[in-house]
Every structure is written in structure tokens, then in C-alpha cells.
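Work through the exercises below with the sequence and the structure side by side. Try each task before reading its solution.

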Amino acid sequence: MRIAILADIHGNLEALSAVLADAQKRDAADSVWCLGDTVGYGPDPRACIDTLLGTSPVAVAGNHDWAIVGKVSLREFNPYAALACRWTLAQLSPAHIDYLVNLPLQVERGPFTLVHGSPRDPIWEYLVSLTSARACFQHLSTPYCLVGHSHVPFMCREGQGTPEMVELPGNTTIPLGEERLIVNPGSVGQPRDGDPRASYAIYHQEESSLEIRRVSYDLRATQRKMRLAGLPEPLAERLQYGR
Ligand code: ZN
């Protein structure tokens, strides 16, 4: 059994399609876990929700998913993100809104906890330091945790010695062993680690490992659609830098 783990799609249909095609080639597209922020920023919120729903995903809520439907405040967002949230809401049907409203904050599947931000604050906490990651292990009842939100693929291992937090550049395989782990598969639709390629992970159940994958996609097409839609230029531009 192989499972595709997707986070922070952010309305980027070209990136989502490329990732699902890659997962398909690797026999990992039949099961999908989604770590939130399917919409917000990108030009194709409806199509991204529909495409994702076509995979019957196990999904949790992200801060953008809930801000768009009014479940959390837009005050925490920068002006570009807030504008994109308002634009996104105007594109959605009642069924799409219902889907976002009803997403759970946290889900457990086998040895994994799935959340968007962190296990102690599923919506807002950015897990970007070892200190916050260490505190989050206390909130876990499973050995492994999958998070999104920072758009940077990383792994934090709670080992015997000093815990470590490392970014995961390019294509990497992480063996799942005794030590507890928090892993971010990176962002499908708006990577921020300097690599503009879409990022996601595959859980290889038999081998007990996680594989981080980077996939090229037609980001110029996404940028064109964003400009046509009148979405803020910096949001389109950042896609080409992966920042
Ligand atoms: Zn996000």
C-alpha cells in the first residue's frame, strides 16, 4: 500500500495535477492524505477541491481553508493573502464551502497524526524551530506526525541524543523506525524552500518509509491564470522562485 501525502495545494491545479500524475506512476494515487490549505492564493480553488475529492482523500483543515469560509479571522493574514481569500470565496459553490467548513482539525491514521499546523495548534502554529517541534511531541499519541503550513519540507526526529530538525531538499527517503518523527512533505502549490517544483510525499507502508518527491509543473500557466484573475502580482511571481 502506498499513500500520497499532499499539503498546501493552494488552488494551484497545474501543480496538483502534476503531483497526482507522478503519484499515479508510482502506484500511490489510490489513497491520498491532505494536510490542509487546498485553497487560497491560487487561481483554481473549485477545480482543486473537485480534483482532490475525486481521490476520496483523508483531509484536515488549514488556516486558509477556514479563513475563506469565515471560521477563523482574516486579521492574521497579510493583505495579499486576505485579498486572495476573499477572491477565493467568491469562486466557491455552497457545496465547496460546506466541504471546507466540515474539515476536521486532526485525524489519526495508523501510526500517523495528520494536522495542518502542529499537534498543539492545528490551525496556526508554524513548526519551524526545534523548540516548538520538541514541545509538539508531547501532544502526540502516535509515533509519527505529518504537518503542512510552513511550505518547507522538513523532518524532526525525537531521538535518544539531541533531537534534530532538518530540511529535506530534493528527493529523499526517510525510514520510519523507533524514533518519533514530525515530517512536513512541503507544499504542492506554493513551495517556499527555494525550489519552485511541487513537493509531496509518498508513504510506503510495506517498506515503512516516507519518500519526499519534487515534481516540475507548468508554473507559467498558473501565473497567467493568476494575472488574468487579478490576484496580487507578488503571489504569482513568488511561484517561480519557490519563495
Ligand atoms: Zn499554506
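The model is a predicted one.

**Exercise 1.** Locate Thr-38 in the fold and decide whether Thr-38 is buried or exposed.

Solution. Start with the secondary structure: Thr-38 sits in the loop that runs between strand S2 (32–34) and helix H2 (45–53). Next, take the accessibility. The relative accessible area of Thr-38 is 1%. Buried means under 20%, so Thr-38 is buried. Finally, list the contacts, leaving aside neighbours within four places in sequence: Thr-38 is in contact with Ile-9, His-10, Gly-11, Cys-48, Ile-49, Leu-52 and Asp-65.

**Exercise 2.** Find the protein donors of the zinc ion, and classify the site from the angles among its four donor atoms.

Solution. First, identify the donors. Asp-8 and Asp-37 each contribute OD, while His-10 and His-151 each contribute NE2. These donors lie 2.1 to 2.5 Å from the zinc ion. Second, write their spacing in sequence, which is D-x1-H-x26-D-x113-H. Two of these residues, Asp-8 and His-151, link distant parts of the chain, being 143 residues apart. Asp-8 belongs to the loop between strand S1 (2–6) and helix H1 (13–25), and His-151 to the loop between strand S6 (144–146) and strand S7 (154–158). Third, look at the angles: they run from 86 to 176°. A tetrahedral site needs all angles between 85 and 135 degrees. The site of the zinc ion is irregular.

**Exercise 3.** Decide whether Asp-8 and His-151 are buried or exposed.

Solution. The relative accessibility of Asp-8 is 0%, and that of His-151 is 2%. With the cut-off for buried at under 20%, Asp-8 is therefore buried, and His-151 is likewise buried.

**Exercise 4.** Which residues of the largest nonpolar core touch the most other members?

Solution. The core holds 49 residues, and those with the most contacts to other members are Leu-6, Ile-9, Leu-100 and Tyr-200. By element, H1 gives the most to this core, namely seven residues. Take Leu-6 as an example: beyond residues up to four places away in sequence, the residues it touches include Leu-16, Val-32, Trp-33, Leu-52, Val-188 and Tyr-200. Another core, of 22 residues, lies apart from the largest one, and Ile-3, Val-60, Leu-114 and Leu-210 are among its members.

**Exercise 5.** Describe how H2 and helix H5 (residues 94–101) pack.

Solution. Begin with the geometry: the angle is about 65° and the axes are 11 Å apart. The crossing of H2 past H5 is left-handed. Then name the residues that meet: Arg-46, Ile-49, Asp-50, Leu-52 and Leu-53 from H2, with His-96, Tyr-99 and Leu-100 from H5.

How values were computed. Residues numbered from 1 in each chain as written. Predicted model: local features only at pLDDT ≥ 70, side-chain atom pairs only at ≥ 80, totals over all residues. Heavy atoms only, no water. Helix = DSSP H or I, 4+ residues; strand = E, 2+ residues; numbered from the N terminus. Buried < 20%, exposed > 50% of the residue type's maximum accessible area, 1.4 Å probe, protein only. Contact = heavy atoms within 4.5 Å. Donors = N, O, S within 2.8 Å, 3.2 Å for Na, K, Ca; no water. Tetrahedral: all angles 85-135°; square planar, octahedral: opposite > 155°, others 65-115°. Core = buried A, V, L, I, M, F, W, Y, C linked by side-chain atoms within 4.5 Å. Axes fitted to C-alpha atoms, helices over the stretch in contact; angles between N-to-C directions. Left-handed = near helix turned anticlockwise from the far one by under 90°.
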